[in-house]
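Take a moment with the sequence and the fold before reading on.

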Amino acid sequence: GHSMLFDSAGARMTITNVTLSPPWSVELWVKRIDGKGPSAPLFASSAASLRLEQYQANRRVGFTQTGVDDFEFDYVAPSHEWVHLTFVGAAPGTCRLVTGKFHSCLNIRSFLPLEYFGSIPSASTEQLRAEVDEVRVWRVERTEAEVQASMRRRLRGAEQGLVGYWNFDGSSST
């Protein structure tokens, strides 16, 4: 297959100006490159962001609720190594899985912004530096078993609850 490289200023996908309330799940394969700026947004808007490298958190993954606070998990994605990350937003909090295995939750209810992926136009120093593949957005709370069952295979694109899927293998993704 192929992947998408985000490695230059302003590199981003513009998706849509929608924010998902819990429950939601995000899965992706990522090969992190140490960022040059203060953070590395994955999904972002001016109101919130899910980050591969959280602002002032020593490259830990996390999320931001603009005007509220920055939150981080006790995990740094390895540099220059593929890893499968899953984030699950549920009513009581936000959880993280690594390569299909549950790692931790934060007791903070988070929203998933789907405006941009990779950078935010209004924050030019915040830039994702990574290779990504098989980005999946779900409007359901995915379980550890569900993630493990599908993380190493390509989806059809019509799975129940799937609202965004970018596999970067062809000329277009949905």
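**Strands, core and pocket**

Trp-138 has Leu-162 of S17 as its bridge partner. S16 and S17 run antiparallel and are joined by four bridges. Strands here are DSSP runs (E, at least two residues), numbered from the N terminus. Strand S17 (residues 162-166) is largely enclosed by the rest of the structure, because four of its five residues are buried. Buried means under 20% relative accessible area, exposed over 50%, and partly exposed in between (1.4 Å probe, protein chains only).

This is a predicted model: local features need pLDDT of at least 70, side-chain atom pairs count only at pLDDT 80 or more, and totals for chains, interfaces and linings use all residues. Residues are numbered from 1 along each chain as its sequence is written, and side-chain values use heavy atoms, with hydrogens and water left out.

Now the open sheet. Six strands form it, in the order S2-S13-S5-S6-S7-S8, with antiparallel pairing. Its edge strands are S2 (13-14) and S8 (69-72), each pairing on one side only. Two strands pair if DSSP finds at least two bridges between them. S2 and S13 (residues 116-117) pair over two bridges, in the antiparallel sense. Met-13 stands opposite Phe-117 in S13.

Phe-117 also belongs to the largest nonpolar core. Such a core is a set of buried Ala, Val, Leu, Ile, Met, Phe, Trp, Tyr and Cys residues joined through side-chain atoms within 4.5 Å. Strands S4 (24-32), S5 (40-44), S6 (48-53), S9 (82-89) and S16 (130-138) each give two or more residues to the core. Leaving aside neighbours within four places in sequence, Leu-85 is in contact (heavy atoms within 4.5 Å) with residues including Val-26, Leu-28, Leu-52, Tyr-75 and Val-98.

Next, the largest pocket. Its lining has 13 residues, of which Ser-46, Arg-51, Thr-66, Ile-120 and Glu-126 lie nearest its centre. S6 and strand S15 (123-127) each give two or more residues to the lining of the largest pocket. The lining divides into three nonpolar, seven polar and three charged residues.

Last, a loop residue. Thr-99 sits in the loop between strand S10 (94-98) and strand S11 (101-106). At 32% relative accessibility, Thr-99 counts as partly exposed. Not counting residues up to four places away in sequence, Thr-99 touches Val-83, His-84, Met-151 and Arg-152. The C-alpha atoms of Thr-99 and Pro-121 are separated by 31 Å.

Terms used. 1 Å grid on protein atoms, 1.4 Å probe; cavity = no way out; pocket = protein on both sides within 12 Å on 5 of 7 lines; lining within 4 Å. Nonpolar A, V, L, I, M, F, W, Y, C, P; charged D, E, K, R; others polar.
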